[in-house]
Amino acid sequence: MDWKIIRGLLEKFEDESISDYLCTVGALPDSVQLENFDTRENLKSEAKAQEKLIFGHLLLCLDGGFVEGLQIKTGANFDCSYGLCSPRLTLRGHELLEKLRNKTVWEKVKSGAASLGVPLTVETISAIATKVINDL
């Protein structure tokens, strides 16, 4: 799990740009059609990897209850389709985003988790961030 990607996706829900952003995920620029075959195939592969990464993190956001109004369906080759209906951050999503967005808190959360030897999970982030904020 890449917390920078999670933060970026939550920010797109917050500023209501998620719909525009999702239209670009996995898409190739029009100019790619004119390039040579090998270059085009490499770019297609990179775009597919990006799509898999982004939609995988969106599924995590849904599973965690951080966002609503998004449905994702995956096929056999992780081909994704999605639907949006009034996408928004939940209260839980807003709280997580604030913890991820504050650089001071985030750095202390990462160092605290590392010193304790625990993984960066939502629960770990929440517990350490709460302690850091209370200590300020």
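Four leucines, Leu10, Leu58, Leu96 and Leu100, touch the most other members of the largest nonpolar core, a set of 30 residues. Such a core is a set of buried Ala, Val, Leu, Ile, Met, Phe, Trp, Tyr and Cys residues joined through side-chain atoms within 4.5 Å; buried means under 20% relative accessible area, exposed over 50%, and partly exposed in between, with a 1.4 Å probe and protein chains only. At least two core residues come from each of α1, α2 (18-24), α3 (37-63), β1, β2, α4, α5 and α6, and α1 gives the largest share, 6 residues. Helices (H or I, at least four residues) and strands (E, at least two) are DSSP runs, numbered from the N terminus.

The model is a predicted one: local features need pLDDT of at least 70, side-chain atom pairs count only at pLDDT 80 or more, and totals for chains, interfaces and linings use all residues. Residues are numbered from 1 along each chain as its sequence is written, and side-chain values use heavy atoms, with hydrogens and water left out.

Setting aside neighbours within four places in sequence, leucine 10 is in contact (heavy atoms within 4.5 Å) with Cys61, Phe66, Val67, Leu89, Gly93, Leu96, Leu97 and Leu100.

Now for the helix α6. Residues 122-135 make up its 14 residues, and the first and last C-alpha sit 20 Å apart, close to the 20 Å expected at 1.5 Å a residue (the expected span being 1.5 Å times one less than the number of residues). Thr124, Ile125, Ile128, Ala129 and Val132 are the buried residues of α6. Viewed down the axis of α6, they fall within an arc of 115°, so they line one face of the helix; the arc is that of the directions from the helix axis to the C-beta atoms. Those buried residues pack against α1 (3-14), α4 (91-101) and α5 (103-116), while Glu123, Lys131 and Asn134 are exposed on the other side of α6.

Strands β1 (residues 67-74) and β2 (residues 80-89) run antiparallel and are joined by 7 bridges; two strands pair if DSSP finds at least two bridges between them. Glutamate 68 has arginine 88 of β2 as its bridge partner. The hairpin leaves 5 residues between the strands, and there phenylalanine 78 takes a positive phi near 60°.

As for the protein overall, 6 helices and 2 strands run α-α-α-β-β-α-α-α from the N terminus on, and buried residues account for 30% of its 136 residues.
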